[in-house]
Amino acid sequence: MEDLVEATGNRMALEAARAVAAGPGTRYNPLVIIGAGGIGKTHVLHAIGNALAGQGGPVACLSAPEFTSELIDAINRDAVPAWRARYRRSSAFLLDDVHLVAETDRTQDELFVLFNQFAESGRQMVFTSALPLGYLKGLEPRLRTRLEGGLVVELQAPDVDVREKVIARDLTARLGAPDQALATYLASRPAESVRAAQGLVQRVLATAEERHIAPTAALAREVLEGLAPADAAPARRTPVRSSGIIAPTAGGARSREKMIWEWPDVGDRIVEEWR
């Protein structure tokens with residue numbers, strides 16, 4: 001939880017996450033975190049899960065596709081009761097990408113029953129979704145109502161301040177020392193998510209490693225903006241030998257010294273007798 005970088009766009013979501021970790025099942029239950037892909041929903045979910053796991057008791061934390069896959073496997077093995085009992089013993093239930101259960105009738109049935117059991121026993125539930133709940137097609141109304149009955153918060157795309165702090169932390173972890181100028185420049189580059197910002201860091205570090213040089217803001221500009229290195233020597237131009245005649249253009253040749261412009265005797269112009 002302490003590794004999460006707080007800023008204006010994510011303050012409400014992080015405050016709700018800390019409240020859930022401090023008092024599971026007492027305030028925001030369920031907590032639903034909405035946001036586009038790559039902006040940190042899963043990180044927040046895992047932070048909550050780690051905090052709850054430290055308080056004792058098993059914590060179920062998985063993605064919606066994993067939940068569905070486990071259910072299908074349990075059905076095939078005729079072991080659905082044992083599969084249900086495994087989750088019912090959990091002290092908290094955290095499901096990532098709940099929007100992916102849409103159009104899966106059996107998964108929604110099991111999730112609805114599990115939801116009710118956790119709610120009745122006051123155990124914490126946290127969900128993430130890439131889409132607002134009202135936009136989820138194929139989600140059963142009864143399950144949508146349960147999800148909307150808790151606290152729904154939106155996680156905004158990371159602003160420059162968040163990107164700079166995350167990038168500075170990544171550079172420190174990779175290089176052993178912070179490079180504020182490099183972090184500031186990389187944070188200023190457009191990035192829709194933390195993942196995209198970290199991709200810029202990786203590009204610069206990979207280029208620096210390939211060239212066996214230290215990563216700097218100047219190198220980052222060269223890599224990301226296609227600028228030539230400041231210390232690069234200007235390209236040498238090899239002189240081209242020519243005969244002195246300017247290449248013909250629409251206006252013809254222009255060298256009067258090497259081109260006959262007038263030839264008074266028309267007969268001398270005939271080089272071949274026509275038959």
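**Helix α7**

I began with α7, which has 16 residues and reaches 22 Å from its first C-alpha to its last, close to the 22 Å expected at 1.5 Å a residue. The expected span is 1.5 Å times one less than the number of residues. Helices (H or I, at least four residues) and strands (E, at least two) are DSSP runs, numbered from the N terminus.

I noted that the model is predicted, that local features need pLDDT of at least 70 and side-chain atom pairs pLDDT 80 or more, and that totals for chains, interfaces and linings use all residues. Residues are numbered from 1 along each chain as its sequence is written, and side-chain values use heavy atoms, with hydrogens and water left out.

I then looked up burial: V162, R163, V166, I167, A168, D170 and L171 are buried in α7. Buried means under 20% relative accessible area, exposed over 50% and partly exposed in between (1.4 Å probe, protein chains only). The cover over these buried residues includes α8 (180–188) and α9. After α7 comes G176, with a positive phi near 90°.

**Helices α3 and α4**

I next checked how α3 (residues 64–76) packs with α4 (residues 80–88): the angle is about 145° and the axes are 8 Å apart. Axes are lines fitted to C-alpha atoms, for helices over the stretch in contact, and angles run from 0 to 180 degrees between N-to-C directions. From α3, F67, E70, L71, A74 and I75 meet V80, W83, R86 and Y87 of α4; contact means heavy atoms within 4.5 Å. I sorted the residues of this contact into 7 nonpolar, no polar and 2 charged. Ala, Val, Leu, Ile, Met, Phe, Trp, Tyr, Cys and Pro count as nonpolar, Asp, Glu, Lys and Arg as charged, and the others, Gly among them, as polar.

**Residue L62**

I found L62 in strand β2 (residues 59–63). L62 is buried, with a relative accessible area of 9%. Leaving out residues up to four places away in sequence, L62 touches F67, E70, Y87, F93, L94, L95 and D96.
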